[in-house]
Amino acid sequence: MNRLKELGKIKFGTRHTVYSPKDRQPCLDHDRSEGEGIGVQVYTAIKMRVVSYSGLMPRLQQSKQLSSPYGLYATSANEYLFLTDRAARKMAFQGIFGSWGHYSKALELRGSDVVGTVGDAPLSVHSNSVRVLPMETVKDTKGTGAVTSVPSDSPDDYATVSDLANKSSYYGIQKEWAQLESIPIIETPAYGTLTGRALVEQMRIISPKDPRLVQAKELAYKEGFFNGKMIYGEFSGKPVQQAKDLVKRKLMDAKLAFEYAEPDGHVVSRSNDVCVVALLDQWYLNYGSAENGGDDAWCAQVLQHLNSGDLNTFSAEAKHQFTKALDIYGNELGIGNINAQQMSDDVWDFVFARKESVETDIPLETLTAMRREFEYWYPLDVRVSGKDLIQNHLTFFLYIHVALWPKEYWPRGIRPNGHLLLNGDKMSKSTGNFLTLKQTVEKFGADAARITIADAGDAIEDANFEESVANKTILKLYELKKWLEEMIRHAVFVDSADDYVSKRNGNEVASIDTIQRTGALSLWDKLFENELNKLAHETDAQYSSYLFKNALKLSFYDLTAARDFYREVTKSAASHWCEHVWIEVLGNSGSIHNATFPHPAPEDKKLTGTLAYIRKITSAVTSAQSTQQKKIAKGKTVTFDPKMPHKLVVFYATTLPAWQIDCINQVSKALEEFGFVDAKTISKGMDKSAMKRAMPFIQGLKKSLDGGQSEADVLSTELGFDEQAILEAMVPGLIHTLPKCKAVELIKVIGQTAQGGVSAQSDQPVEELPGIASGATPGEPRFVFENVDN
């Protein structure tokens, strides 16, 4: 702290702070039951001296705003403020009244009691002639309960005074009270010199209750503030952005205005106190940009580190929230036998690698050991914390590190996480939806609990612990353990298909799964082994990124779906279960926790692509057959009867159509010339007749490239595998999978318009092909079902 003070990062002064009068202390985020993240809104309260008082007729008492509780509150012997009771309570803690924390109502009034009163509006051309008028959209919960009216530039005010003038008898006022001339004050490029009237007329707003006034107000304020120029008064000719502060200063210097602050929303402390804003003397770290009264250079350094790529926030949303937050703002001796008095600022600087030498009675060996500890842990790789701390502790954490250390010691990662839900709802003791870690372990066991927590969710989104998932996990772990024990302890090895059939039919095995083939690896063995290697690599990457839900999916669900469990990959999720399998089932000595993560062979991209192709074709075929069955059930016409014997005919091509090759060449050329793919630019050089089919194809190529696939894979005109050989290998599995399917016929399409084909099984020509065959391209076969005789 001393070093931060020396650096000018710590300041002392009076600051607006959200405050609980009941607790008599500031109410920060973690002290609140409602309103977390809400800050302070500072207003400029303008004083309008009462010239003459006029009461109001009974009709006006019907309005909620006009019957709301107001009062006169003394700021001195000669000055009283007309406010709502809520505003008076808030002002009491900002030094506006005589005694801090106290406010006394000299006279109780309602809004209707002061309508018609004449006031002197500071800096207005209508001095001593401005009337207090009713406005039904004024909220008595915000500000003082009274607002100035600027119909020249506010659509709300223009609509209100127009309505008051048109319905003066309804409101019980004199018409001329609402007919003061609107003096142009600000000129804007979009709306001229009378923005309020221009927007009301442009949007055809006819009532002060029109919901479109919200949009009109936003348009008016943005245009006025960012593009407006003053055309009246002392600051005429100045931009509104400059004039705003100049006018405020002029009013405050003349004692015609004062600052008034309140929470920018509803804040309730944990003691159930509605909070206010208090003006308090305090030491504070000067966080924030210059616009918010902070240290601009410090803020810029932290923001630069956040955007440099050196800090990993693990999600775009977390980084966005950090950016948003930056825009706001021991008595017992330890093993070193050092007391607090010995830990001078110079000693701390040496330990924290800020100094290379120090004069102290602490042994150099001890100091060096302490410094090695610091240098071992720093820079820290990741800090894990709740997302609610981004706007305070985690942002301050960045500020402190950037201020005290050079860049090589700045944090490398911050991993904000969401809150934890239970069965989809917020945990709450009052509703009974609550579960402690101890109760969770007692109810489901440690492993099922760990897996369910990992499955609950990652990143900044709220995680959801589902008890139904925990129960299913217990059963899944038990069944998987049982299967593994059978595979290891009751394995039966065969070396031929005949031997397999003999063992299967001879009732000599515990289960069919335990019959395991020996010999050379087939295509399916290679695909499966490659899938295991791929999952192991991806699991390791997800663990390194602290994405445990993804790691669990890959290492547990994806592997068990294939009925295998590759050594130790669920180590982080179910350590006790893994320990049992490691020692009792696999027969290893020593704990699994001392074993290393597996180092599988690199993933073979061609085999991965082959497996993806097989899954795609199998899914498409089974889905098409299922669709026909659903149509029959609904009485619709079908192309074949799936309940009767049938065959599957697959049409595949070995070359791309000329138009697709041309598209690929156009995309390759664009990448070479510009470094990116712009479909519109490419389309300008294409024949219009080809656009309809070419543009979706080009968009597909662009999507694949944008998704991270390599140019070589996306723009290749050839497949990375032998499509015919893969389809031939798939035939037995398809016949087995598809009910009533008696055969699968493979036909290679000849020519780009499918003039004919060749049977892959018999190598005989096929002269007439259905129209669907012309759509076949490499990697994208087409197929039909045909009924056959038994």
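Domain bounds here come from an automatic or database domain assignment. On that basis, the C-alpha centres of domain 1 and domain 2 lie 44 Å apart. The model is predicted.

**Domains**
- The protein is divided into five parts: domain 1 (40-263), domain 2 (378-417), domain 3 (420-468), domain 4 (487-594) and domain 5 (604-656 + 720-789).

**Nonpolar cores**
- The largest nonpolar core holds 29 residues. W298, V302, F322, I390, L398, Y399 and I414 touch the most other members.
- Three helices, α8 (296-307), α9 (316-326) and α12 (390-404), each give two or more residues to this core.
- Helix α12 supplies the largest share, 8 residues.
- Leaving aside neighbours within four places in sequence, F322 is in contact with L306, T313, I390, L394, T395, L398, I414 and P416.
- A second, separate core has 23 residues, including L607, F640, M730 and L734.

**Aromatic pairs**
- The structure holds 28 aromatic pairs.
- Y170 and Y171 form an edge-to-face pair, because their planes stand at 80°. Their ring centres are 5.1 Å apart.
- Y170 is partly exposed, at 48% relative accessible area. Y171 is buried, at 11%.
- F352 and F374 form a tilted pair, with ring centres 5.4 Å apart and planes at 55°.
- F352 sits in the loop between α10 (345-351) and α11 (364-377), and F374 sits in helix α11, so this pair ties together parts that are 22 residues apart in sequence.
- F352 is partly exposed at 28% relative accessible area, whereas F374 is buried at 7%.
- F352 and F374 also belong to one aromatic cluster, along with W348, Y378, W405 and Y409.

**Charges over rings**
- R15 lies over the face of Y284, 4.0 Å from the ring centre.
- R371 lies over the face of F350, 5.0 Å from the ring centre.

**Residue T160**
- T160 is placed in helix α3 (residues 155-166).
- T160 has a relative accessible area of 8%, so it is buried.
- Not counting residues up to four places away in sequence, T160 touches P134, M135 and P208.

**Residue E745**
- E745 lies in strand β24 (residues 741-750).
- E745 counts as partly exposed, because its relative accessibility is 22%.
- Setting aside neighbours within four places in sequence, E745 is in contact with K647, L648, V649, V650 and Q761.
- E745 and S759 are 14 residues apart in sequence and 7.4 Å apart in space, C-alpha to C-alpha.

Definitions and conventions. Residues are numbered from 1 along each chain as its sequence is written. This is a predicted model: local features need pLDDT of at least 70, side-chain atom pairs count only at pLDDT 80 or more; totals for chains, interfaces and linings use all residues. Side-chain values use heavy atoms; hydrogens and water are left out. Helices (H or I, at least four residues) and strands (E, at least two) are DSSP runs, numbered from the N terminus. Buried means under 20% relative accessible area, exposed over 50%, partly exposed in between (1.4 Å probe, protein chains only). Contact means heavy atoms within 4.5 Å. A nonpolar core is a set of buried Ala, Val, Leu, Ile, Met, Phe, Trp, Tyr and Cys residues joined through side-chain atoms within 4.5 Å. Rings of Phe, Tyr and Trp (its six-membered ring) pair if their centres lie within 6.5 Å; planes under 30 degrees apart count as stacked, over 60 as edge-to-face and the rest as tilted. A charge sits over a ring if NZ of Lys or CZ of Arg is within 6 Å of the ring centre and within 35 degrees of the ring normal.
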